[in-house]
Amino acid sequence: TYNGERKIASCLDALLAQETQVQYEIIVVDDGSTDGTCLTVARYGDVRLVSQANAGPAAARNRGAEAAEGDILLFIDDDCIPLPDWLDRMLSPFDDPDIMGAKGAYLSRQQSFTARFVQVEYEEKYDVLSRSRYIDFIDTYSAAFRRHVFLETGGFDQRFSTASTEDQEFSFRLANLGCRMVFIPAARVWHTHIDTIGGYVRKKYKIGYWKVLTLVRNPNKIAGDSHTPRTLQVQVLLMALIFLSPAGFLGGPAAGMLGMISLPAAFLLTTIPLTYRCFRHPRGKAVAPAAPFFIAVRAAGLTAGLVRGGIAHLILQKED
């Protein structure tokens, strides 16, 4: 946690209220907070607080993993509230000794159009995950790993200096080593999604920026992973071509106009599946008419981040 004073208590209350017979410990790693986070955590006698100078979430989570005593590590973010059965459901696949990692799912109660769209967007990705027996994509908001595997493979790459795609990179790395990981959709946590367009664009831009470094280190995932819908990959490609379409006028007015018309039309067609999902979703129906706009904003943010990340990580060889 970093400056999580206003949200971490709800997370800790829910963790302490887990309905389980399993013995477990709760470790909070404070990443150099400047608010009252440490004072809030200190009020919980059953919670262990580890403090460090600000070094980013990858370093903080690694610090927690080193301090942990259990055989299984579970990660959760400070803005998540796990359901009472979360811990047991996350641990259930580890009865199989071949399973090395597991991932849970988000729930949301938010009413804003942006947050509603984000929830439907995640649920589309959950459907993609559910089609695979084993997955290669685990997010730290609801994650579990065998501790010895986590430590032996070096944990999260601390060159990711901000919350971005460090969890993707780690799970890609495990998958490439042959580790088996599974999706547990019933292991759910309540989450507060970004609820403004500006925040949503900035988040997608940051993901795109750091995704380049993730793919540089795991190039086999450029073709796809168990989490990303194919439509999203096509949308990012089309958005890049739309950004470049004015250059088509160098080939003459007809070629330029063809690109300016056909590319947005093709992009609009790719928005149909997620827009239809919004219409069918109980809480997404209201946002469905605006879904193509949100999808375009998502693709634009990711594409811009990928371009900037390509310059930084491929051309300038920047690590953080």
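A residue is called buried here when its relative accessible area is under 20%, exposed when that area is over 50%, and partly exposed in between (1.4 Å probe, protein chains only). Helices (H or I, at least four residues) and strands (E, at least two) are DSSP runs, numbered from the N terminus. The model is a predicted one, so local features need pLDDT of at least 70 and side-chain atom pairs count only at pLDDT 80 or more, while totals for chains, interfaces and linings use all residues. Residues are numbered from 1 along each chain as its sequence is written, and side-chain values use heavy atoms, with hydrogens and water left out.

Strands count as paired if DSSP finds at least two bridges between them. Strand 3 pairs with strand 6 (residues 143–146) in the antiparallel sense, over four bridges, and Ile72 has Arg146 of strand 6 as its bridge partner.

Zooming out, five strands make up an open sheet with mixed pairing, in the order 3-6-5-7-4. Strand 3 and strand 4 (80–82) stand at its edges with a single partner strand each, so one side of each has no neighbour in the sheet. From one strand to the next, the twist averages 35°. Axes here are lines fitted to C-alpha atoms, for helices over the stretch in contact, with angles running from 0 to 180 degrees between N-to-C directions; contact means heavy atoms within 4.5 Å. Helix 5 (residues 113–130) packs on this sheet and touches strand 5 (99–107) and strand 7 (180–191), its direction making about 150° with that of strand 5.

Another pairing involves strand 1 (residues 26–31) and strand 2 (residues 47–52), which run parallel and are joined by six bridges. Val28 has Leu49 in strand 2 as its bridge partner. Strand 1 is mostly covered, with five of its six residues buried.

Now for the rings. Aromatic pairs are rings of Phe, Tyr and Trp (its six-membered ring) with centres within 6.5 Å; planes under 30 degrees apart count as stacked, over 60 as edge-to-face and the rest as tilted. The structure holds 19 such pairs. One of them joins Phe75 and Phe156 edge-to-face, at 5.5 Å centre to centre with 75° between the planes. Phe75 sits in strand 3 and Phe156 in the loop between helix 6 (147–152) and helix 7 (166–176), so this pair ties together parts that are 81 residues apart in sequence. Phe75 is buried at a relative accessible area of 10%, and Phe156 is buried at 2%. Phe293 and Phe294 are also an edge-to-face pair, because their ring centres are 5.8 Å apart and their planes are at 65°. Here Phe293 is partly exposed at 46%, while Phe294 is buried at 4%.

Phe75 and Phe156 belong to one aromatic cluster with Phe145, Phe150 and Phe170. Beyond neighbours within four places in sequence, the contacts of Phe75 include Arg61, Trp86, Tyr141, Phe145, Phe150 and Phe156. A charge sits over a ring if NZ of Lys or CZ of Arg is within 6 Å of the ring centre and within 35 degrees of the ring normal. Arg61 does this over the face of Phe156, at 5.9 Å from the ring centre, and Arg109 lies over the face of Trp190 at 3.7 Å.

A nonpolar core is a set of buried Ala, Val, Leu, Ile, Met, Phe, Trp, Tyr and Cys residues joined through side-chain atoms within 4.5 Å. The largest one has 63 residues, and those with the most contacts inside it are Leu12, Phe75, Phe117, Tyr126, Phe145 and Phe150. Apart from this core lies another, of five residues, among them Phe160, Tyr209, Leu213 and Ala312.

Finally, Asp78 lies in the loop between strand 3 and strand 4 and is buried, with a relative accessible area of 14%. Leaving out residues up to four places away in sequence, Asp78 touches Thr1, Tyr2, Gly4, Lys7, Ile8 and Cys11. Asn3 lies in the segment before helix 1 (8–16) and is partly exposed at 28%. The phi of Asn3 is near 50°, a positive value in a residue other than glycine.
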